[in-house]
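The sequence and the structure are shown first, and the description follows.

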Amino acid sequence: MNGYQNVEQITRMVLQTIENARENEKLMTVPVGVSARHIHLTQADVETLFGSGYRLTKKKELMGGQFAANEQCTIVGLKLRAIENVRILGPVRKSSQVEISATDARTLGVNAPLRQSGDTAGSAPVALVGPKGVLYLKEGCIVAARHIHMTPAEAASVSLHDGDMVSVRMGDERSVVLDNVKIRVDESFSLEMHIDTDEANACQVRQGDCATIIRRV
């Protein structure tokens, strides 16, 4: 066997070893939650939109102590394009935030950056219209980055930590691998991957379908 054949054989062995390692690193199956556009508000902004002293009312319990509120309002973009009946999530927060899809951003005519929830510095401005008033946010409109919620015990079982990034495979006929999925760990969380409606439609995934974490990034 000459030197070239040695190199070729070693290369094949290395590639096979890498592929085997990837196959063996299938970490966890995770239920999928499809996150539609929604709004988080401060108490002051709730009162601007719904009236002095108003409190959000609970429609449905969500993970981590959050809830879908009965209240909705209209998002208005810079070109006066609007999306009506957008759900507000409670409880109130320290800063207001609007989470939309990239398709929604084009509809509204806003340049909403891809961010993790809560990272709104320098993000897109929008207006919100409620039954009692109008609110202008100088920043706060983002396209929420995909992520996976899990408890500390679930994370420890597969040696993952808060802030880790993983790749996930999902879908059947239009299956895809999504990279750069952030792991978010908290005792109050339930195991679930959150993607937006654009991502769900692209790979024909519905609420409650499952995805598989296949490797760390």
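This is a predicted model: local features need pLDDT of at least 70, side-chain atom pairs count only at pLDDT 80 or more; totals for chains, interfaces and linings use all residues.

Arg37, by contrast, is partly exposed, at 34% relative accessibility.

## Other salt bridges

In the whole structure, five salt bridges are found. One of them joins Glu199 to Arg146, at an N to O distance of 2.7 Å. Glu199 lies in helix α5 (residues 197-202) and Arg146 in the loop between β9 and β10, so this pair ties together parts that are 53 residues apart in sequence. Glu199 is buried, with a relative accessible area of 17%, whereas Arg146 is partly exposed at 21%.

A salt bridge also forms between Glu47 and Arg55, whose closest N and O atoms are 3.7 Å apart. Glu47 is partly exposed, with a relative accessible area of 25%.

## Nonpolar cores

The largest nonpolar core comprises 26 residues. Ile39, Ile75, Val98, Ile100, Val110 and Leu128 have the most contacts inside it. Two or more residues of this core come from each of α2 (43-50), β4 (67-76), β5 (82-90), β6 (97-100), α3 (102-108), β8 (124-129) and β9 (134-144). Another core, of 22 residues, lies apart from it and includes Met150, Ala155, Val205 and Ala211.

Beyond its neighbours within four places in sequence, Leu128 is in contact with several residues, among them Ile39, Leu41, Ile75, Val98 and Leu137.

## A barrel of six strands

Six strands close into a barrel, in the order β1-β13-β10-β12-β11-β14, with mixed pairing. On average, neighbouring strands of this sheet are turned by 45° against each other, direction ignored. His149 has Arg184 in β12 as its bridge partner.

## The loop between β5 and β6

Val92 is found in the loop between β5 and β6. This residue is partly exposed, with a relative accessible area of 36%. Leaving aside neighbours within four places in sequence, Val92 is in contact with Leu41, Thr42, Gln43, Val46 and Leu56. The C-alpha atoms of Val92 and Gly122 are separated by 21 Å.

Key
Residues are numbered from 1 along each chain as its sequence is written. Side-chain values use heavy atoms; hydrogens and water are left out. A nonpolar core is a set of buried Ala, Val, Leu, Ile, Met, Phe, Trp, Tyr and Cys residues joined through side-chain atoms within 4.5 Å. Buried means under 20% relative accessible area, exposed over 50%, partly exposed in between (1.4 Å probe, protein chains only). Helices (H or I, at least four residues) and strands (E, at least two) are DSSP runs, numbered from the N terminus. Contact means heavy atoms within 4.5 Å. Two strands pair if DSSP finds at least two bridges between them. Axes are lines fitted to C-alpha atoms, for helices over the stretch in contact, and angles run from 0 to 180 degrees between N-to-C directions. A salt bridge is a side-chain nitrogen of Lys or Arg within 4 Å of a carboxyl oxygen of Asp or Glu.
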